[in-house]
Amino acid sequence: MHGPVSSGWLLVALCAATGAYCLLRMRSHVVEQRRAAGGEALMGFGMAVMAVPAAVFTPPAWAWPALAVVFGAAGLHTLWAARTGARHLHHLIGAGAMVYMAVTMAASTGQGPGHGHGGSGIPLLTGALLLYFVAYVLVTGVRLVPVAAVTGDGRGAGWGDRPELARACRLSMGIAMVAMLLTM
């Protein structure tokens, strides 16, 4: 992504840590949480790869179309899951945003040296995605009220079953998505 190298590495660290926590959440005893955590882990690690500063590493030309295909497949999977409930639509929009950013980056790789990351994209689409993710971050931030993490038998919930940590995970990915869209 464009922008200062230090903020790029912070974004990489945030996304990678979020992806790692989502992998831990996949150990949950609740099937729906495991499914959601898998998609969120893919999103977190994919965002970490895409956020590597351009001054440090320019991926090969095939990397961006490959990421677009991976997130396109994730989007199709989410579209199929969305028929059971609207709660999957956020993941569908996130996967679509990742495809959009990967395609924009792939299109900008042919512009000569120094253009290995990012491009302007379509301003109207970028703006719409920014508005959506800013609204999502604000709403999720307001909803991030600590939830009692004690199960019915008095024991603490495991790391994969903590709803407040799952919300914080989604919030951090939403913030990272806003940052990535701003640097396009």
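Modeller: A salt bridge is counted where a side-chain nitrogen of Lys or Arg lies within 4 Å of a carboxyl oxygen of Asp or Glu. The model here is predicted, and the count comes to two salt bridges.

Biologist: Why is the contact between Arg-25 and Glu-40 called a salt bridge?

Modeller: The N to O distance between their side chains is 2.5 Å. The cut-off is within 4 Å, so the pair of Arg-25 and Glu-40 qualifies as a salt bridge.

Biologist: What parts does this pair tie together?

Modeller: Arg-25 belongs to helix H1 (residues 5-25) and Glu-40 to helix H2 (residues 31-50), so the parts joined are 15 residues apart in sequence.

Biologist: How do you know whether Arg-25 and Glu-40 are buried or exposed?

Modeller: Arg-25 has a relative accessible area of 1%, and Glu-40 has a relative accessible area of 1%. Buried means under 20%, so Arg-25 is buried and Glu-40 is buried.

Biologist: What makes Arg-170 and Glu-40 a salt bridge?

Modeller: Their closest N and O atoms are 2.7 Å apart. The limit is again within 4 Å, so Arg-170 and Glu-40 form a salt bridge. Arg-170 lies in helix H6 (residues 163-182) and Glu-40 in helix H2, so this pair connects parts 130 residues apart in sequence.

Biologist: Why does Arg-170 count as partly exposed?

Modeller: Its relative accessibility is 24%.

Biologist: Which residues are linked in a network of salt bridges?

Modeller: The network links Arg-25, Glu-40 and Arg-170.

Methods. Residues numbered from 1 in each chain as written. Predicted model: local features only at pLDDT ≥ 70, side-chain atom pairs only at ≥ 80, totals over all residues. Heavy atoms only, no water. Helix = DSSP H or I, 4+ residues; strand = E, 2+ residues; numbered from the N terminus. Buried < 20%, exposed > 50% of the residue type's maximum accessible area, 1.4 Å probe, protein only.
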